[in-house]
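The sequence and structure come first, followed by notes grouped by topic.

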Amino acid sequence: MEFHQVQNIAVVGISDKPDRDSNRVARYLIEQGFFVIPVNPSLDQVLGLTCYPSLLAIPPELRVDVVTIFRRPDQVEPVVLEAIQRGVKTVWMQLGVINHEAAAKAKAAGLEVIMDKCIKIEHGKWKEGCAR
C-alpha cells in the first residue's frame, strides 16, 4: 500500500477508551494528517468525530481508501464484505487479526489485503524510509 495515496481511513472496532490500541492508532493517524472515520455500532462519537455503526452507514460521498480492522478474527468477514460492497481499495487487519477466508474474498474482489500488521507501525517505517 502506498501511504501517500491514502486520505481517508475507516477504523472498524474503534474504542472510546484512550488506552485501547484502536484509539491510540486512530489518534496517531489523525496526527499524521489522515482523515479517520470511526466505525463502532456502540458509539455515536469518538475523538470528536462522528462514529458510524458500519461501513455501509458511512455516507456514500465520503470515500474510504483503507479499512483498518480492530475486531476478533471471527468477526472480520462481515467487515470485509462491506468493504467490498463500498469499493474500498485496501483492507488492513491489525496485529493478531488473521482471517484467511476473508482475505481471500477481499483479494478475489480486487482489494489489497494486509493482515496481522499494525498500520501505525508500518506507517512509521514508511515515514522513516521517506526521510532518508
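In this predicted model, Val11 has Pro38 of strand E2 as its bridge partner. Ile9 is placed opposite Val36, which also belongs to E2. The points below go from this strand pair to the sheet and then to the helices.

**Strands E1 and E2**
- Strand E1 spans residues 8–12 and runs parallel to E2, with 5 bridges joining the two.

- The open sheet has 5 strands with parallel pairing, and their order is E2-E1-E5-E6-E7.
- At its edges lie E2 and strand E7 (112–114), each of which pairs on one side only.
- On average, neighbouring strands of this sheet are turned by 20 degrees against each other, direction ignored.

**Helices**
- Helix H2, residues 76–86, packs on the sheet and touches E1, strand E5 (66–69) and strand E6 (90–93).
- The direction of H2 makes about 175 degrees with that of E5.
- Helix H1 (residues 21–31) forms a right-handed β-α-β unit together with E1 and E2.

**Points to locate in the view**
- Which strands does helix H2 touch? They are E1, E5 and E6.

Methods:
Residues are numbered from 1 along each chain as its sequence is written. This is a predicted model: local features need pLDDT of at least 70, side-chain atom pairs count only at pLDDT 80 or more; totals for chains, interfaces and linings use all residues. Side-chain values use heavy atoms; hydrogens and water are left out. Two strands pair if DSSP finds at least two bridges between them. Helices (H or I, at least four residues) and strands (E, at least two) are DSSP runs, numbered from the N terminus. A crossover is right-handed if, with the strands pointing away from the viewer, the path from the first strand over the helix to the second runs clockwise. Axes are lines fitted to C-alpha atoms, for helices over the stretch in contact, and angles run from 0 to 180 degrees between N-to-C directions. Contact means heavy atoms within 4.5 Å.
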